[in-house]
Amino acid sequence: MAESALDTAIKQFHEAADRAALDASQREILIAFKTVFETEFPVEMDDGTFQVFRGYRVHHNNARGPVKGGVRFSAEVSLDEVKALAMWMTWKCAVVGIPFGGAKGGVIVDPSKLSQNELQNLTRRYTAEITPIIGPDKDIPAPDMGTNAQTMAWMMDTYSMGHGFTIPGVVTGKPVAVGGSEGRYEATGRGLLFILEEHLREAGGVRGKRIAVQGFGNVGGVAARLMHRAGAIVQYICDKDTGIYRAEGVDCDSAFAFIESGGLLKDWTGEGERIPPADVLTADVDVLVPAAIEHSLTAENAPLVKAPLILEGANGPTTPEADAIFLERGIPVIPDVLANAGGVTVSYFEWVQARQYLHWSEEQVNEELRRIMVTAYRAIQQRVASNPGTTMRQAAQWIGVERVTEATTLRGIYP
Ligand code: NAD
């Protein structure tokens, strides 16, 4: 059976635990999931019938603060996947030094098959189900695959109705009009750009670099657009069904505007050759950005990857086998827990603003985002430099696990 995302997350944890010299009981504590919530709930469909959906919300570890993590609407959601994503969130928050633990949620549903009204009914009922375990001091959901700012507005409203007053700090990634942060929508993509700029600082920067991006949603689409605007040549883009190649660079402004207005890449009429989406991963470019799903890069396609640098936009896009192949081939991988941490970082800013009823300017948000991302990047590079042979992923996970262990030790185990 193929390795699950949870298998990958646990394998990576033990490697980091070896480096951090954790004993058996520390490992047992850090690998445990604080809360695993599963629910089946009915939703009224447009034709008056009811359909039952299954949803999850998982809290991994809250030693460093309230737990935080996205909500995924996808037909492929499973409990193991949600657990893996929750664990990665714990290390990610620690790597960028924001005071949160890790969580994740998901509903098994293909959102493209539901009307807006049905999606609203599903979101509100799922929120009602998880209300006992979320809250601005407990667990703060955010968007992930298949969910967006509108989903967060419904979640915030549902939670608030149950409490009798508006509680903007319960979710992040909301529209700006209802307490969202400037810059949150672009934050994950912008964080990817900041990390790439820092990594390529001595190699001439991002300008003129040829890029391939897998996934054209909130992460991949925004990253491609910002990289394109920063002077990179985004030669390859794709979504689930359509790949596009253009040697001079795809017009990412136009393509992403089309997606934002509700279109699909297959219907976009801009210039470029239509190719199978999987070809994007093995494109001859300077940087490959997998920004779609877990386990895109595997033992099968890793030997065929031509890019000399991988920047992980998605969570867990590289299997451990593919990681080993990239290490052997000398292809550096800038890992998810660093590269895509811009989203949770600006989510943290949104939470801070919500709790203080303040509104930061976009300049302030982006400035602070850059500072946090660059600080985290440098800490990881320092760890790599002082431990030759360590990859950026190993260094990042090591730092994350170390910081969560420190918090756990300082707090002690109650009673
Ligand atoms: P999204 O739903 O907005 O977009 C996903 C994109 O990936 C779509 O274009 C979809 O068509 C494409 N896709 C799906 N399966 C594919 C496949 N097999 N091949 C090619 N393309 C495929 O989701 P998103 O929010 O952009 O999230 C993408 C990834 O980034 C996920 O792993 C998510 O956990 C991670 N992530 C998201 C955020 C965030 O702020 N949204 C933050 C950090 C990490």
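# Questions about a predicted model

Q: Why is K11 called partly exposed?
A: The relative accessible area of K11 is 38%. Buried means under 20%, exposed over 50%, and partly exposed in between (1.4 Å probe, protein chains only). K11 is therefore partly exposed. This is a predicted model, in which local features need pLDDT of at least 70 and side-chain atom pairs count only at pLDDT 80 or more, while totals for chains, interfaces and linings use all residues. Residues are numbered from 1 along each chain as its sequence is written, and side-chain values use heavy atoms, with hydrogens and water left out.

Q: What makes K11 and E3 a salt bridge?
A: The closest N and O atoms of K11 and E3 are 2.9 Å apart. A salt bridge is a side-chain nitrogen of Lys or Arg within 4 Å of a carboxyl oxygen of Asp or Glu, so this pair qualifies. E3, at 23% relative accessibility, is partly exposed. By this rule the count comes to 31 salt bridges.

Q: What makes the pair E271 and R246 a link between distant parts of the chain?
A: The two side chains meet in a salt bridge (3.3 Å, N to O). E271 is in the loop between helix 8 (252-260) and strand 9 (273-275), and R246 is in the loop between strand 8 (243-245) and helix 8, 25 residues apart. Helices (H or I, at least four residues) and strands (E, at least two) are DSSP runs, numbered from the N terminus. E271 is exposed at 57%, whereas R246 is partly exposed at 23%.

Q: Why is T405 called buried?
A: T405 has 9% relative accessibility, so T405 counts as buried. T405 lies in helix 13 (residues 392-411).

Q: How do you know which residues T405 is in contact with?
A: Contact means heavy atoms within 4.5 Å. Leaving aside neighbours within four places in sequence, T405 is in contact with L22, Q26 and L30. The side chain of T405 also reaches the backbone oxygen of V401 at 2.6 Å. A polar contact is a pair of N or O atoms within 3.5 Å; within protein, one must be able to donate a hydrogen and the other to accept it, and residues adjacent in sequence count only if both atoms are side-chain atoms.

Q: Why is E248 called exposed?
A: E248 has 58% relative accessibility, so E248 counts as exposed. E248 is found in the loop between strand 8 and helix 8. E248 and T405 are 157 residues apart in sequence and 48 Å apart in space, C-alpha to C-alpha.

Q: What makes a group of residues a nonpolar core, and which touch the most other members in the largest one?
A: A nonpolar core is a set of buried Ala, Val, Leu, Ile, Met, Phe, Trp, Tyr and Cys residues joined through side-chain atoms within 4.5 Å. In the largest, of 87 residues, W91, L196, I211, M227, I237, L311 and I380 touch the most other members. Helix 3 (residues 79-95) gives the most to this core, with 11 residues.

Q: Why is this core said to lie between domain 1 and domain 2?
A: Domain 1 (33-165) and domain 2 (187-334) both give residues to the core, so the core lies between them. The domain bounds come from an automatic or database domain assignment. Apart from this core lies another, of 23 residues, among them F73, I134, M152 and W154.

Q: How do you know what area is buried between domain 1 and domain 2?
A: Buried area is the accessible area (1.4 Å probe) that two parts lose on being put together, summed over both. For domain 1 and domain 2 this is about 500 Å², of which carbon and sulfur atoms give 45%. W88, K92 and M145 supply 56% of the area that domain 1 buries against domain 2.

Q: What makes E294 and R72 a salt bridge?
A: Their closest N and O atoms are 2.6 Å apart, which is inside the salt-bridge limit. R72, E81, K104, D144 and E294 are linked in a network of salt bridges.
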